[in-house]
2 protein chains.
Amino acid sequence: MKLLVIGGVAAGMSAASKLKRVNKDAEVVVYEKGGFLSYGACGLPYYVSGENNDYTKMIARTQEQFTNMGIQTFLHHEVVKVVPDKKQVLVKDLKNNKLFIDQYDKLMISTGTSPIIPPFPGIQLSNIHGLKTLEDGIRLQEVASRPDIKDVVIVGGGYIGIEVAEAMLHLGKNVRVVELSDRILKTFDKEVTDLAEKELLNHGTKLNLGEKVETFLGQEKVEAVKTDQGTYKADLVLLSIGVKPATSFLDGSGIHLASNGAVIIDREMRTNIQDIYSAGDCAQVYHKVMEENTFIPLGTNANKCGRIAGANIAGSHQKYIGTLGSAAIKVCNLEMGRTGLSEEEAKNLAIDYTTVFVKSADHPGYYPNQTPIWIKLICEKRSRRILGAQSIGQKGAVLRIDVFAVAIHNNMTADELGMLDLCYAPPFAGVWDAVHIAANAVK
Amino acid sequence: MKLLVIGGVAAGMSAASKLKRVNKDAEVVVYEKGGFLSYGACGLPYYVSGENNDYTKMIARTQEQFTNMGIQTFLHHEVVKVVPDKKQVLVKDLKNNKLFIDQYDKLMISTGTSPIIPPFPGIQLSNIHGLKTLEDGIRLQEVASRPDIKDVVIVGGGYIGIEVAEAMLHLGKNVRVVELSDRILKTFDKEVTDLAEKELLNHGTKLNLGEKVETFLGQEKVEAVKTDQGTYKADLVLLSIGVKPATSFLDGSGIHLASNGAVIIDREMRTNIQDIYSAGDCAQVYHKVMEENTFIPLGTNANKCGRIAGANIAGSHQKYIGTLGSAAIKVCNLEMGRTGLSEEEAKNLAIDYTTVFVKSADHPGYYPNQTPIWIKLICEKRSRRILGAQSIGQKGAVLRIDVFAVAIHNNMTADELGMLDLCYAPPFAGVWDAVHIAANAVK
């Protein structure tokens with residue numbers, strides 16, 4: 001049996017590795033468009049900031065390690081076409097631009113996403129960067145480390161944009177975030193993003209919210225960003241306005257894609273075509289609370305779904321228990337975490353919900369260095385079931401969201417979680433922990 | 001309706017407050033033997049160490065605040081007898097040694113525990129202290145802060161003993177822990193306590209394990225502790241060998257007590273006698289995993305069960321969802337947490353179990369300051385259900401135990417938790433968090 005994997009980062013290499021662990025006789029061939037396999041792209045902002053000065057630390061396994069596992073990997077090889085009827089793919093060797101055909105018994109599609117590049121005039125100027133691949137990170141770090149790069153404009157206030165904003169603050173740059181929407185990090189609700197925005201402002205970031213980029217100005221290099229409301233000096237621009245599934249090569253293959261281009265899969269990672277599997281950021285993912293597929297391009301889901309795909313390619317019938325949309329980000333001295341539905345998502349799903357937003361603390365005041373934690377809960381009104389949780393604070397805010405994640409996964413009510421026996425010791429938590437206090441505040 | 005509460009610390013004041021919130025017309029009278037109400041006794045070691053220099057911070061609500069809530073509280077008043085047939089109690093005013101009778105409609109017994117004082121010769125010498133009440137803490141802090149107090153011997157290596165050991169290290173003392181058993185903190189398993197013992201040794205604590213105290217030597221003040229294996233200089237001794245339910249005043253009342261003296265209650269905090277409730281350290285508590293009553297004298301259960309008692313006294317029928325035996329302690333630079341069954345408990349219950357002990361890390365190596373986390377899991381073999389979890393590490397070890405607590409409460413298998421969508425961001429967790437890695441390691 002020969003598995004052919006298209007895309008060798010998170011989901012692809014998880015599937016390849018899992019298959020090899022279960023069936024060491026399987027032939028596994030991986031084509032990766034880029035120059036690196038199996039890296040933690042979420043670490044890129046901390047390489048750019050210099051907090052990590054060795055990009056190889058982000059690489060979970062090297063090409064050599066995969067070779068030793070019996071997995072054949074080809075870098076700089078792009079699959080440009082899939083022909084399910086013949087169980088063939090058309091591959092382009094990007095180093096010499098030669099095309100060739102390969103065969104598969106089972107196919108895994110794990111090509112991830114492509115950044116959305118808006119057609120702004122001036123987009124071709126130098127010093128305008130994205131940050132998706134390890135190569136992007138290496139290039140951005142090189143430019144950002146130069147002392148003549150002083151004014152950095154970040155276009156897009158999502159996870160990557162805000163993490164790079166912090167990285168640039170760390171490097172001593174003048175940082176401006178331009179965001180089309182009226183707030184940053186929109187997977188969180190406004191109560192929480194208000195605090196995050198305040199934190200960024202306190203650290204000297206300029207936030208231009210509700211502002212639309214129109215043009216990048218400059219000769220060879222970018223010199224300024226012009227929006228509908230002003231023109232801002234820029235020695236360096238990060239473009240981070242979003243991503244889309246990298247699935248255009250599947251057009252005409254017969255593989256069903258969602259309207260945004262994500263591969264439609266079932267909970268066993270099977271596409272509509274026999275022997276073709278998909279997982280990771282290029283595909284949809286089943287959401288436990290929504291009880292339907294959605295698009296959440298995060299490494300958490302990619303690694304888990306990739307591993308499940310590998311097991312099922314080997315003959316198993318594992319089902320993904322579902323994503324909760326759990327995510328976290330550090331914003332200067334604050335931690336932020338979220339899981340389940342946001343209020344906006346609950347509203348869009350026409351759920352009759354109730355919310356609380358509660359300030360408490362990471363531990364009692366009689367132990368030194370108490371810090372505040374804010375928790376927002378979204379609950380179903382009728383059942384009092386917790387649907388979503390968000391937190392922000394200096395210490396322990398994110399790990400508490402994991403507590404809510406397990407509770408939401410198990411359909412717990414606020415009342416039951418409010419009485420659950422969590423750990424208590426003065427350095428870590430109060431006798432009624434911040435989790436209890438929020439849960440017991442639900443009206 | 002008049003509620004009479006015996007003991008005004010955690011469970012008692014939780015019950016009193018809850019009743020008053022639900023039924024503001026209820027008459028509530030509290031008799032407390034000590035001089036303080038409603039304090040967080042778990043904060044005492046940090047007052048002794050000087051990390052908190054204001055003991056009033058440990059007091060959740062003052063007598064005046066309770067008075068303003070309409071709760072009548074009497075300090076230094078000990079209830080010495082309960083007569084259920086007449087719905088009467090006999091109260092001793094400890095300031096003038098006068099006895100008087102009071103009546104109740106509903107009675108709440110929340111007297112907590114008494115320290116076990118062993119009949120060692122020399123026990124009457126000065127500078128031998130316990131640490132249970134706020135008064136104990138104030139006295140111990142006074143003595144420990146004196147520079148002539150250099151050698152401190154702690155008898156008993158449970159939570160209090162180890163927390164005070166750390167407090168004494170903090171004060172620059174020579175610290176020795178003498179423990180009868182072959183290891184400290186026996187609610188944790190050996191893999192975990194081995195690491196805790198190493199941490200204490202590395203910080204200069206002397207550990208005399210498997211050693212039995214025989215005599216305290218000295219003239220007026222304690223000067224040395226003699227055990228079956230040696231004699232150790234001591235300017236100050238902390239006795240912390242355990243506690244027992246403070247229920248001897250109930251002898252002959254007809255209220256059913258367990259063999260250790262704990263009040264037997266149902267999940268609604270009712271004793272065997274109508275209109276008499278009990279909760280907190282003086283009573284048993286229902287254990288979710290054991291599916292039976294047990295004795296776990298911790299503030300976590302006391303506060304929750306007290307609140308439930310108050311609700312039920314007001315006419316409700318709330319049931320405690322059950323303790324998990326969750327507990328946490330800081331040992332020098334390490335956090336330790338536990339929930340559910342230990343291996344020893346599983347063995348005693350004759351469960352067919354399997355365990356793993358896994359070292360991973362709090363976050364990926366490509367973000368600065370990665371620290372190790374060790375997690376031990378105890379799972380039922382047949383069902384793969386997680387029964388217990390323990391952790392030790394420098395950062396995030398305890399809050400991860402809360403994640404396991406919710407999983408255990410919900411009867412989750414290791415496999416399901418191993419795929420659950422927890423938060424991932426480099427400063428906080430890996431894409432496969434320490435929780436996943438431990439769960440997925442279960443064979």
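User: What are the ground rules for the numbering and the values?
Analyst: Residues are numbered from 1 along each chain as its sequence is written, and chains are lettered from A in the order in which they are written. This is a predicted model, where local features need pLDDT of at least 70 and side-chain atom pairs count only at pLDDT 80 or more, while totals for chains, interfaces and linings use all residues; side-chain values use heavy atoms, without hydrogens and water.

User: Why are α9(A) and α9(B) called roughly parallel?
Analyst: Their axes come within 8 Å and cross at roughly 5°. Axes are lines fitted to C-alpha atoms, for helices over the stretch in contact, with angles from 0 to 180 degrees between N-to-C directions. Angles under 35 degrees count as roughly parallel, over 145 as roughly antiparallel, 65 to 115 as roughly perpendicular and the rest as oblique, so α9(A) and α9(B) are roughly parallel.

User: Why are α9(B) and α11(B) called oblique?
Analyst: The axes of α9(B) (residues 397–409) and α11(B) (residues 434–441) come within 10 Å and cross at roughly 50°. By the angle ranges already given, the two helices are therefore oblique to each other. R400(B), V403(B) and F404(B) of α9(B) make the contact with A434(B), V435(B) and A438(B) of α11(B).

User: How much area is buried between chain A and chain B?
Analyst: About 5400 Å², of which carbon and sulfur atoms give 70%. Buried area is the accessible area (1.4 Å probe) that two parts lose on being put together, summed over both. The contact takes 61 residues from chain A and 61 residues from chain B.

User: What makes D151(A) and K233(A) a salt bridge?
Analyst: A salt bridge is a side-chain nitrogen of Lys or Arg within 4 Å of a carboxyl oxygen of Asp or Glu. The N to O distance for D151(A) and K233(A) is 3.3 Å, and their side chains therefore meet in a salt bridge. D151(A) lies in strand β10 and K233(A) in strand β15, 82 residues apart.

Key. Helices (H or I, at least four residues) and strands (E, at least two) are DSSP runs, numbered from the N terminus. Contact means heavy atoms within 4.5 Å.
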